[in-house]
Amino acid sequence: MENLQQPLSAATATLDLSVGGMTCASCVMRVERALKNVPGVRDVSVNLATESARVVAAVGEDIDARLRRAVRAAGYEPRVASDTAGDADSLSPWHGFGPVGIGLLLSIPLLAPMLGQPFGQDWMLSPWIQLLLATPVQFWLGARFYRAGWHAAKAGTGNMDLLVALGTSAAFGLSLWLWWRAATGEHAGHGAVPHLYFEASAVVITLVLLGKWLEARAKRQATSAIRALQQLRPEIAHLVGKRGESDVPIGEVMVGDLLAVRPGERVPADARVVEGESEVDESMLTGEPLPVPKKPGDRLTGGAVNGDGRMVIDVKAVGAESVLARIIRLVEDAQAAKAPIQRLVDQVAAVFVPVVMAIALATLAGWLLAGAGIETAMIHAVAVLVIACPCALGLATPVAVMAGTGVAARRGILIKDARALELAHRVDTVTFDKTGTLTLGRPVLTALVPLATDDGEARLLATAASLQGGSEHPLARAVVAAAARRGVQALPLGAMQAMPGRGVRGEVNGERWAIASLRWCAELGVLLDAAQVERLHAQGATVSALLRFDEAGAAEVQALLAFADEPKPEAAEAVRTLRARGLRVVMISGDNRRAAEAMAARLGIAAEDVRADVLPADKAAQVSALKSDGHVVAMVGDGANDAPALAAADVGMAMAPSGGGTDVAMEAAGITLMRGDLALVAEALDLSARTVAKIRQNLFWAFAYNVAGIPLAAFGLLSPVVAGAAMALSSVSVMANALLLRRRKP
């Protein structure tokens, strides 16, 4: 067991436990019930497809041991998460096929009479040969069903294993009884041997094992995204020291180390380039197919593939704090989570096996009352037990979620939880933050207009650069960059204070100055040159004012600063795509209305769908207002100030430029887009729709198999062998249908 997340509070933590031996939806319910009964457990989610349990529990010294003991007492095998990963990695195409192959070799001869009948041949094997062939299948290969079924019976519940064990044992026992009756009855010694049903018991067990083997292979394909991500980690790093380079295990790399990355190697850790230039392939992390140029100062993500150049890098994050580790954790979290639609399956699974056993008994009694012999009645009851397997019900939702999240990860879309995946297809309104999301986020200072001052433009620019020198805001960087381009040196800066959503103020050369938004100017009662402001707004610029305060604290406008940002190249097309899907597109901006509407017009967003003059803290209120109007809202943002809005939306999508991302935004959002490509928004919504469609298809077929199969078996229209084949086919078809998502083209 391992703690995959930080504690939810001072008293609780989220823990993962791998559970071996689960076979169907009833097993899931039993494990959940056992874990919920452990003192201190707050919440449990068990996933059949990943064979894992996620537990939210009070932190205690013995919580691990108590959870493991509860799983074992319920009849299942607690494992550490690494065991499961290792099993998956070692699974070759024929791994685990041995028991299936033996079962086929022993069972096929038992089908000889059925194969000979169409040709008028009597290929009936002697009872002794049938017994010798069926016994190892029933009691050696089928021992797992007896063990698991016994544990379920002891716990007062039922599962697939109990149904298989009861059904095949009944067929095996009926064969022995018919043989004994023929050998000791009035026709004894005349050579007449009735039809025995050893083939039913042996073939059913073999088919179930075959189905489980096919399921295991399909599960491995569904989890291939995680394994592919895990394989991105190199084992060795080249540490650069005073005496040259030395190879060290990746586990010994520390933040601040200098590492050499040679051509063709994977980047060993998150870092920044110190020396050298190259092109880096980040496709496995971001879905971006083209190599990305890297030069000194650029950020690198661990796991990316270096091109032709040699680079020296400065390590910034290792281990669990690296981007790759967080990506793997997000994908694992999504695949281990339980989708809301699964609640319906859980309710059905809780009563499914007892109901099936009651139907089997009713079938037995009904045929006996109808005058059929015990042989006929027993066979029909066995067919009911065999076909009514809840495996497909348990796999229908989680395997589709696994496949969907895996496909998304390959596309550069990280889905944090199954709820976001299930809900995204219902979104009817997509809300975008403007700066850095719809636009490049690199505004430039297009004009500095001096007003009522003796200071020259260069000195005003130097003052503005001084105020903005310590800020990472895009407008601040634009001012500093403009000063650098013109060779203007910043002036000495005293105390400085950022005013979120309003601007910044501080002391420059002993005087109090501020760069203020128009909103802040209005709050201060500062009058601006309306004609100049209107002229700049008409050009689509965002306008700020450079203010100087006198000794009495009154502010006087010294200059107007105009900023312009360009939309991302794909932004207009992304908006068109979303609107073509019938979605409403809303833009939220802190800019004034004229500037925001000018940008919206370039992007194809309607003026009535522009929310301008919105403070960062008020973005969440705008999202909530849309939700209160009955809309299902997706919010797309890229910065920490978007986190409240991302959390408030039905589906939050955080943009993570260059594969790095913003920690706060990624934590708040249900979906993270690993590159700043707005086309991924429609891609994520489309993938959600396709995944939910697969879930519904799987649930339909899982229910349909049982709704149609149980009556057919009860009325004698299905033999146990056909029932066993149908039961195995139901699970395999559900897995195969979900895996069709992997063939989907973007």
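## Strand pairing and a helix contact

Leu258 stands opposite Asp314 in E14, and this pairing belongs to the model, which is a predicted one. Strand E8 (residues 258-261) is joined by two bridges to strand E6 (residues 236-241), the two running antiparallel, and E8 is also joined to strand E14 (residues 311-317) by four bridges, again in the antiparallel sense.

Elsewhere, seven strands form an open sheet of mixed pairing, in the order E15-E27-E26-E25-E16-E23-E24. Strand E15 (413-415) and strand E24 (610-611) each have a single partner strand and stand at the edges, so one side of each is left without a neighbour in the sheet. E15 pairs with strand E27 (residues 671-673) in the antiparallel sense over three bridges, and the bridge partner of Ile415 in E27 is Ile671.

| Strand pair | Bridges | Sense |
|---|---|---|
| E6 and E8 | two bridges | antiparallel |
| E8 and E14 | four bridges | antiparallel |
| E15 and E27 | three bridges | antiparallel |

Turning to the helices, the axes of helix H22 (residues 571-580) and helix H27 (residues 679-714) come within 8 Å and cross at roughly 25 degrees. Because angles under 35 degrees count as roughly parallel, H22 is roughly parallel to H27. In this contact, Ala574, Thr577 and Leu578 in H22 meet Ala679, Val681, Ala682 and Leu685 in H27, and the residues of the contact divide into six nonpolar, one polar and no charged.

How values were computed
Residues are numbered from 1 along each chain as its sequence is written. This is a predicted model: local features need pLDDT of at least 70, side-chain atom pairs count only at pLDDT 80 or more; totals for chains, interfaces and linings use all residues. Side-chain values use heavy atoms; hydrogens and water are left out. Two strands pair if DSSP finds at least two bridges between them. Axes are lines fitted to C-alpha atoms, for helices over the stretch in contact, and angles run from 0 to 180 degrees between N-to-C directions. Angles under 35 degrees count as roughly parallel, over 145 as roughly antiparallel, 65 to 115 as roughly perpendicular and the rest as oblique. Contact means heavy atoms within 4.5 Å. Ala, Val, Leu, Ile, Met, Phe, Trp, Tyr, Cys and Pro count as nonpolar, Asp, Glu, Lys and Arg as charged, and the others, Gly among them, as polar.
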